[in-house]
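Subject: Handing over a structure

Hello,

Here is the structure I promised to pass on to you. Please open it first, and then read on for what turned up in it.

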Amino acid sequence: MRILVVGNLVRDALVGPVDRLDWETTFWVDSSAAGMGWNGGTTSFTLGRLGSSVGLLSACGADALGLQLRALLEAAGVDCSALQALPEPTATTVGLFHPDGRRQLFHAPGVGAVAKFYLPLGTPGYDHLHVANPFALPFLRRRAPALLQAAKSAKMTTSLDLGWDHLGEWRSVVEPCLPFVDLLFANGVEAEFVPGPYPCRAVIKRGADGCLVDGVLVPGFPVLAVDTTGAGDCFCGAFLAARARGLFPQTAARFANAVAALSVTRPGATTGLLDWMATEA
């Protein structure tokens, strides 16, 4: 199965641990990480890192940061032929992570504020469309239902990962998508804003507790959490990668729990990821 991910691509910079903010001072931290970030970028990177055939439909700036992100994706095996380079700056996020793993992010949308995405249906071989957070980009907020409908018309299977809606438009954005979605991802808080029952398979991410697959709990793996940034996107990429290999949903969820657990053991969204064999081990 060849998977096309549509979503935002952001350059992340994470530092910590930070347990307080004192303005007009310098705070020394133990570690920092800069690289791949946010929903589209992290999910597609995870799929590539796990050996899946994946492409990313997104946009970055025609700048040094955009070139760095493209290089990271391609090194992970992600097809970037549908990645647009636009004049606006690459989206960036600066984040702080707390000693208990929580994080505070500061986001500059850059190119994401103007990017528009259309399915490259002339590109052969895509079997599945994954929409990574329709709330993160203005264009996806309006056009996600049409993208999913176009994918279904092209005989593709589909999935949607909710993400956080900072504008609070939850149901008006998501409900038009659901008739064209085969697999829905959400975390526990997001699912409260868009409650079921859903017309498709639902996977509810519950952090350290694991996940629910159609209401059945698949326990997580206990690890020391350093930074939880991007863990949910890593989970989605891993679940899709496992399903693409033919694993049953609950087995795929157990594998995805392991990938998400690995992701939180290092600063940054993807620095803790391993390849398929190492993850299984």
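A word on names before the findings: helices (H or I, at least four residues) and strands (E, at least two) are DSSP runs, numbered from the N terminus. This is a predicted model, in which local features need pLDDT of at least 70 and side-chain atom pairs count only at pLDDT 80 or more, while totals for chains, interfaces and linings use all residues. Residues are numbered from 1 along each chain as its sequence is written, and side-chain values use heavy atoms, with hydrogens and water left out.

Let me start with the open spaces. On a 1 Å grid over the protein atoms alone, a pocket is an open set of points with protein on both sides within 12 Å along at least five of seven lines, a cavity is a set where a 1.4 Å probe fits but cannot get out, and lining residues have an atom within 4 Å of a point. Grid points are joined across faces, edges and corners, and a volume is the space filled by probe spheres set on the points.

The largest pocket holds about 1,400 Å³ of space. It is lined by 50 residues, and Arg103, Asn187, Thr228, Gly230 and Gly232 are the closest to its centre. Two or more lining residues come from each of H1, strand E8 (103–108), helix H3 (138–153), helix H5 (188–193), H6 and H7. H6 gives the largest share, 4 residues. For the classes, Ala, Val, Leu, Ile, Met, Phe, Trp, Tyr, Cys and Pro count as nonpolar, Asp, Glu, Lys and Arg as charged, and the others, Gly among them, as polar. On that count the lining of the largest pocket has 22 nonpolar, 18 polar and 10 charged residues.

The second largest pocket has a volume of about 200 Å³. Among the residues lining this pocket are Trp23, Phe27, Leu96 and Phe106, and its lining divides into 8 nonpolar, 1 polar and 2 charged residues.

There is also 1 cavity of 30 Å³ or more. The largest cavity contains about 40 Å³ of space, and its lining includes Gly7, Asn8, Pro109, Phe117 and Leu137. That lining is made up of 8 nonpolar and 4 polar residues, with no charged ones.

Now to the helices. Axes are lines fitted to C-alpha atoms, for helices over the stretch in contact, and angles run from 0 to 180 degrees between N-to-C directions. The axes of H1 (residues 39–49) and H6 (residues 231–244) come within 8 Å and cross at roughly 40 degrees. H1 and H6 are therefore oblique to each other (angles under 35 degrees count as roughly parallel, over 145 as roughly antiparallel, 65 to 115 as roughly perpendicular and the rest as oblique). Their crossing is right-handed, meaning that the near helix is turned clockwise from the far one by less than a right angle. Contact means heavy atoms within 4.5 Å, and here it involves residues including Asn39 and Leu47 of H1 and Asp233 and Leu240 of H6. The residues of this contact divide into 6 nonpolar, 5 polar and 1 charged.

H6 also packs against H7 (residues 249–263), with axes that come within 8 Å and cross at roughly 145 degrees. This crossing is right-handed too. Among the residues that meet are Phe235 and Phe239 in H6 and Phe255 and Val259 in H7. The contact of H6 with H7 has 13 nonpolar, 2 polar and 1 charged residues.

Finally, some backbone details. Most residues other than glycine have a negative phi, and most peptide bonds are trans. The bond from glycine 16 to proline 17 is cis, with omega near -5 degrees, and proline 17 lies in the loop between strand E2 (10–16) and strand E3 (31–37). Glutamate 24 lies in the loop between E2 and E3, and its phi is positive, near 65 degrees. Another cis peptide bond joins glycine 196 and proline 197, with omega about 5 degrees; proline 197 is in the loop between H5 and strand E12 (201–205).

Best wishes
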